[in-house]
Amino acid sequence: MTTFITRRILQTLAVIVILSYVCFYLMSLMPGDPVDMMVASNPKITAEDVARLKSLYGLDQPVYKRYASWMGSILQGDLGYSRTYRVPVQELMGPRLWNTFLLSAISLILSIAIAVPLGVLSALKPGSRTDYVVNLFSFGGISIPSFWLAIVLIILFAVKFPLLPAGGTQTIGAENMGFWADLKDRSIYLILPVLSLSIQQIGRFSRYTRSTMLEAMRNDFIRTARAKGLSRSTVIWQHGFRNALIPLITILALSFSGLFSGAILTETVFAYQGVGKLVYDSIIGNDYNVAMISFVISVSMVLLMNLVADILYGFADPRISYQ
Amino acid sequence: MSEMTMNEVEIETNQLSSKDRAELEKAQPMWKMVLTQFMDHKLAVTGAVIITIFMLIAIFAGTIQSITDIDPDAQNVGNRYLAPLTTAQVGQDVRETEIERFITENPEAADAVQKALVTKEIVAVAEADAIYELGAKETTEAISALQSLSLKEAAGLISLFKSFETFHLFGTDELGRDVFIRLVYGTRVSMGVGVLVAIASALIGLLIGSIAGFYGGLVDTVLMRVTDALLSLPHIPVLIVIAAIDMSKIPWLKAIISTSNESIFKMIIILCLFSWMSVARLVRGSILSIREREFVLAARTLGAKDSTIIVRHMFPNVIAPMLVAITLGVGESILFEAALSFLGLGIMPPTPSWGNMLNNAQELIYQAPFLAILPGLLIFLTTVSFNYLGDGLQDAIDPKAIRR
Amino acid sequence: MLKKFAKGLCLVAGLGLSIQAVAAPTNAELKIGISQEFETMNPLIMSMSASAYMYRMVGRSLVVLTPEGKWVTQLAKEIPSLEKGTAKIIEEGGKKKIVANWEIIESAKWGDGKPVICQDFITSHTIATSPTVSVGEKEQWTQVEKIDIDPKNPKKCTFKYEKAKWDFFTLAQFFPVPTHLEKPVFDKYSKQKEGYEKNSNYVRNPTNPGLYNGPYVISDVKLGSHVTFAPNPNFYGKQPNIKKVIVKLIPNTGTMEANLRSGTIDMISTLGLDLDQALAFDKKAKAEKLAFDTHFVPSVTYEHIDLRLDNPILKDVNVRKALLYSINREDLVKALFENKQQVALHNVSPKDPWFTADPKIITVYRYSKREAGKLLDAAGWTMGKDGYRYKDGKKLSVVFQTTAGNKTRELVQVYLQNQWKQAGIEVLIKNEPARVFFGDTMSKRKFDGLALFAWVSSPENSPRSTVYSKAIPNNSNGWSGQNYHGWTNATVDKNLEALDLEFNAKKRADLVHEILKLYTAEVPVLPLYYRSDISVTPKNLKNYKMAGHQFYETNNIEDWNLN
């Protein structure tokens with residue numbers, strides 16, 4: 001097991017490095033570098049300006065050289081400087097990463113807490129009224145376009161019935177009011193975005209839980225367990241649910257890996273200060289340092305979560321063994 | 001159903017006549033069983049019906065256009081954002097074009113009408129301008145004027161004037177185009193893209209996932225790391241790079257791609273590229289656990305080939321999660337397409353798709369709510385239907401779920 | 001479950017009804033919504049419009065252009081001129097140069113009470129022209145060759161300009177930076193690439209009042225979220241009425257209105273709504289008697305279609321004219337913009353003193369399908385059975401590109417496509433994200449038909465970069481210049497060269513008019529419309545005057561009043 005984990009971590013690291021180069025290369029493949037963009041918006045920029053800026057930004061160097069120098073400074077702990085916002089990357093991204101993490105973690109935990117029991121419940125009584133309602137709700141959740149849902153929520157709860165703020169992260173100028181007041185303030189701003197993210201995730205998760213659970217409950221050993229006279233809850237949770245875990249773990253790992261990459265649409269619509277919009281803008285605006293750091297973070301999260309999922313497979317199903 | 005004890009089954013069969021028993025014991029073909037099972041699931045059947053209707057709409061969009069006689073590209077900028085169930089008069093420039101075409105095509109009829117119009121003093125202009133002058137009037141007024149001529153040559157012109165008044169079932173959009181017919185054409189694009197992408201990506205995912213899961217070892221490692229890599233690869237730069245490629249310049253694609261459909265091709269490629277990975281991981285996870293099951297071991301002991309084991313023994317076991325993935329995939333592709341229009345990488349105007357119609361309407365959600373509600377509702381309905389269909393199919397196909 | 005949900009909704013509805021409508025803002029606080037991202041507000045380096053919008057609240061330059069299009073003084077006592085003798089043309093090394101006297105007003109101070117002196121301009125000039133600092137448009141700094149301070153008065157100095165250009169005094173973006181704060185930073189980091197910009201006080205300590213000399217100082221800034229402004233007690237002019245201004249970023253224009261209605265913001269800035277949204281909001285605000293005014297003000301932004309002149313079809317001037325005759329721009333403006341934007345005649349906007357609509361000077365193209373048909377017939381393109389025109393078996397078909405995702409442009413594009421179809425011209429749409437469109441297709445001249453986009457300029461701005469034959473981007477000039485259509489005309493070139501050096505306003509206008517005459521006769525570009533600037537303000541906001549050009553209305557913010 002330990003060797004397996006070590007080996008996988010090493011593999012993962014290698015993939016991260018390779019991918020970071022791929023991303024760097026992709027960024028350079030995109031037509032129009034930062035200087036081209038500047039020229040397009042300002043007719044007064046001259047050919048000399050272009051040459052000067054390109055050499056200042058190092059854009060006249062070949063890609064691998066630029067990548068090497070970027071990697072070099074990363075290894076020294078310097079994340080670089082955002083050329084769009086003109087501040088160091090860690091200052092720009094730190095608080096936003098935290099905001100995004102809060103938003104996605106809360107909605108993820110909320111959705112799992114609601115969706116898994118719902119899914120199990122409907123799987124135990126397929127075709128029942130409960131099953132119907134749960135299905136309807138989850139299909140509805142999956143099928144609503146996210147920005148549509150977000151806008152409707154704003155119109156309902158901020159304009160028609162002004163109970164909650166229409167957007168933002170916290171009340172402006174109300175940052176140091178003590179822990180509890182701060183917490184309350186931030187929670188109020190989180191309600192709508194969390195709601196709009198969760199409604200969709202609950203649908204997804206409960207569907208998957210239901211279908212895998214249904215599958216698991218049809219196994220022969222469930223019948224045997226029942227025949228043995230084991231209690232209903234033992235049969236469901238120890239025998240049934242455990243066998244439903246494998247696909248669930250896959251789906252959850254995939255969702256967890258998005259914790260830091262942010263939900264562009266939700267964050268944009270709610271003017272929430274997360275990392276999603278920043279990442280999008282940095283790629284569009286060719287803000288290399290910001291984009292690369294966010295690539296590395298999101299790539300690492302995905303790979304890490306896949307690793308975790310693979311390890312968990314072993315625990316969930318003893319038949320799967322890793323050498 | 002599983003609660004039923006063997007005894008009860010015994011008793012039931014005993015009561016059957018020998019003829020019924022023979023009927024029962026006769027092996028039913030697979031498809032029949034599947035169908036019977038499927039028909040039991042009411043909502044799935046409803047979903048299937050809705051999808052069939054949409055498919056028919058998509059296929060017969062052209063016929064619908066010729067029946068209703070509404071052009072999806074016909075603009076009427078004087079009548080933008082009309083509410084549903086309203087009629088509108090077409091713009092002056094369109095009328096002139098149509099009248100001009102009528103006159104060149106039917107010079108004699110036009111001549112007769114022109115003469116009559118002037119002699120009966122309905123219009124007070126030169127003969128050559130008489131019909132144009134009529135065109136500038138209210139449609140109903142013009143038609144009654146034409147009818148008052150009681151000329152048989154005027155019949156063609158009357159029907160032309162009647163076409164100047166258009167009825168809009170679902171209102172009009174930002175250029176005064178008919179929303180109904182655009183939704184009909186949008187169905188074609190959105191359903192086409194959604195279904196195609198979902199199936200293609202499920203097949204790719206199935207292939208890669210099962211190979212990785214079955215062989216394990218180095219094959220698994222390499223394939224799964226590639227999957228991971230693609231899964232974690234940021235979408236936006238890839239999208240932009242693809243957007244910059246001029247596909248019509250690639251020789252072997254030249255035959256099928258033109259400027260007007262290039263965006264649809266790009267859309268399908270982009271969506272396929274980014275949507276097979278989760279299926280692959282799902283399939284691999286299931287196969288990993290199936291691989292160690294007894295029946296696989298048995299098959300292997302009996303000397304079955306790898307391909308036989310994968311196709312005969314493992315695929316049936318992953319069909320259920322696959323179906324869920326495909327049916328979810330259709331809806332997701334349709335939604336993804338909408339999100340791509342948001343980034344400026346969607347289907348090019350003037351081709352309508354549900355995604356770009358919804359996206360165009362979102363900023364005017366206060367002013368013309370119908371414009372956003374209708375495509376949103378169609379997306380919603382389609383996605384829900386596909387999900388129920390998948391649900392029903394899953395129950396019906398899965399041998400373990402068959403209710404006897 | 002559904003019942004519970006319905007019950008919940010009723011409960012929420014009950015709660016909601018008991019809450020009062022949003023109150024009108026007062027002078028205590030004004031919250032402005034903005035939809036574009038902003039950056040650190042270092043006046044030497046910033047390049048985003050949103051930053052420029054906000055910087056006008058905290059920083060002033062020597063002179064500025066008023067909304068009426070007049071140059072007036074701000075930090076300067078008076079505008080130097082040749083007539084008054086406060087500026088003169090000299091000759092140095094065979095080149096004509098200008099020397100001008102500038103004097104900073106006595107009361108001009110930084111937010112920390114230190115006076116604004118000529119040395120501050122020298123500091124910003126030194127920093128901006130340093131090779132390690134990434135200033136975009138360097139010419140506005142390098143046009144000043146040298147600044148000499150009067151030894152007797154630190155507020156008096158002479159600027160020596162590199163060239164003798166008539167517009168030497170238009171230094172609206174020649175911002176000073178506080179020497180006592182920024183010079184030490186620059187000295188320390190000037191050797192390092194981009195070292196100054198990373199460590200400048202504008203980045204490290206943006207709430208230091210000493211960095212600003214306008215009516216406000218920045219009291220809080222959070223990139224990607226908001227900026228808060230507080231009055232600057234050391235401002236040279238009158239103290240602002242509004243005690244606190246917050247500019248809040250709302251990245252999604254679709255929710256801008258919801259934010260306004262819910263009171264999260266009190267007004268929407270120029271960088272906020274789309275025209276379509278504003279038109280609809282205006283109507284609804286009037287119908288519902290909301291306490292908001294929607295402003296539409298013509299701006300200098302010029303929307304047009306560049307034609308690729310070396311395209312074999314578009315090479316023919318008759319085809320180009322036919323393209324223009326066959327589109328009904330009056331109808332377009334009426335139907336899509338409800339006449340809130342004006343039809344464009346050429347590349348000079350009506351806000352510009354150089355504007356002319358005189359039919360004796362320019363050719364005016366009124367919509368006429370018949371005229372277009374005649375021209376196309378003359379050019380050999382005859383109508384085929386399918387409603388499109390053909391010549392030698394080839395269809396009259398061109399590719400039409402613009403920025404994908406820009407709703408107004410895509411709307412206009414489809415409208416025009418339909419009109420050209422009526423004239424027998426097939427137009428194929430092929431849009432690209434702005435990134436690809438500007439960064440590659442246009443700048444590398446890869447488009448081969450029609451390209452719809454806008455130029456933003458300011459009044460009396462030489463059109464050199466877009467019509468000068470040397471401004472055609474190509475490999476040898478490093479793809480610089482914006483003459484994307486590739487128009488070359490010797491007279492135009494000659495006039496452009498003369499224009500910069502012409503000190504007589506009347507003669508300058510004549511030179512421009514001759515360019516416009518050729519521009520409208522040869523049709524290298526299809527002019528569409530001049531865009532309007534849009535904003536929404538609370539009804540009780542007084543003295544608000546929109547600029548319509550790049551020196552935003554926030555320049556008058558000290559006059560705004562909410563009482």
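In what order do the 3 strands of the open sheet in chain C run? The order is E14-E15-E16, with antiparallel pairing. The model is predicted.

**Sheet in chain C**
- Strand E14 (382-383) and strand E16 (394-395) of chain C stand at the edges.
- Each of these two has a single partner strand, so one side of each lacks a neighbour in the sheet.
- Strand E15 (residues 389-391) of chain C runs antiparallel to E16(C), and 2 bridges join them.
- Across from C:Lys391 stands C:Lys394, in E16(C).
- In general, the strands of a sheet pair through backbone hydrogen bonds, parallel or antiparallel.

**Nonpolar cores**
- The largest nonpolar core holds 327 residues.
- A:Ile154, B:Val279, B:Met322 and C:Met54 touch the most other members of that core.
- Neighbours within four places in sequence aside, B:Val279 contacts B:Ser201, B:Ala202, B:Gly205, B:Leu206, B:Gly209, B:Met322 and B:Ala325.
- A second core is separate and has 13 residues, including B:Ala110, B:Val113, B:Val123 and B:Ala130.

**Chain B against chain A**
- In this pairing, 45 residues of chain B are in contact with 40 residues of chain A.
- Six elements of chain B each supply at least two residues of the side that touches chain A: helix H12 (217-232), helix H13 (235-244), helix H15 (277-291), helix H17 (306-342), H18 and helix H19 (369-397).
- H19(B) gives the largest share of that side, 9 residues.
- By class, the side of chain B that touches chain A has 27 nonpolar, 13 polar and 5 charged residues.

**Helix H18 of chain B**
- Helix H18 (residues 354-362) of chain B has 9 of its 9 residues buried, so the rest of the structure largely encloses it.
- The buried residues of H18(B) are B:Trp354, B:Gly355, B:Asn356, B:Met357, B:Leu358, B:Asn359, B:Asn360, B:Ala361 and B:Gln362.
- H18 of chain B also supplies at least two residues of the side that touches chain A.

**B:Leu82**
- B:Leu82 sits in the loop between helix H5 (61-68) and strand E1 (86-89) of chain B.
- Is B:Leu82 buried or exposed? B:Leu82 counts as buried because it has 21 C-beta neighbours inside 10 Å, and the cut-off for buried is 20 or more.
- Leaving out neighbours within four places in sequence, B:Leu82 is in contact with B:Ala88, B:His168, B:Gly171 and B:Thr172.
- B:Leu82 and B:Ile264 are 182 residues apart along the chain, and 29 Å separates their C-alpha atoms.

Conventions:
Residues are numbered from 1 along each chain as its sequence is written. Chains are lettered from A and ligands numbered from 1 in the order in which they are written. This is a predicted model: local features need pLDDT of at least 70, side-chain atom pairs count only at pLDDT 80 or more; totals for chains, interfaces and linings use all residues. A residue is buried if 20 or more other C-beta atoms lie within 10 Å of its own, exposed if 12 or fewer, and partly exposed in between; C-beta atoms are placed from the backbone. Helices (H or I, at least four residues) and strands (E, at least two) are DSSP runs, numbered from the N terminus. Two strands pair if DSSP finds at least two bridges between them. A nonpolar core is a set of buried Ala, Val, Leu, Ile, Met, Phe, Trp, Tyr and Cys residues joined through C-beta atoms within 7 Å. Two residues are in contact if their C-beta atoms, placed from the backbone, lie within 7 Å. Ala, Val, Leu, Ile, Met, Phe, Trp, Tyr, Cys and Pro count as nonpolar, Asp, Glu, Lys and Arg as charged, and the others, Gly among them, as polar.
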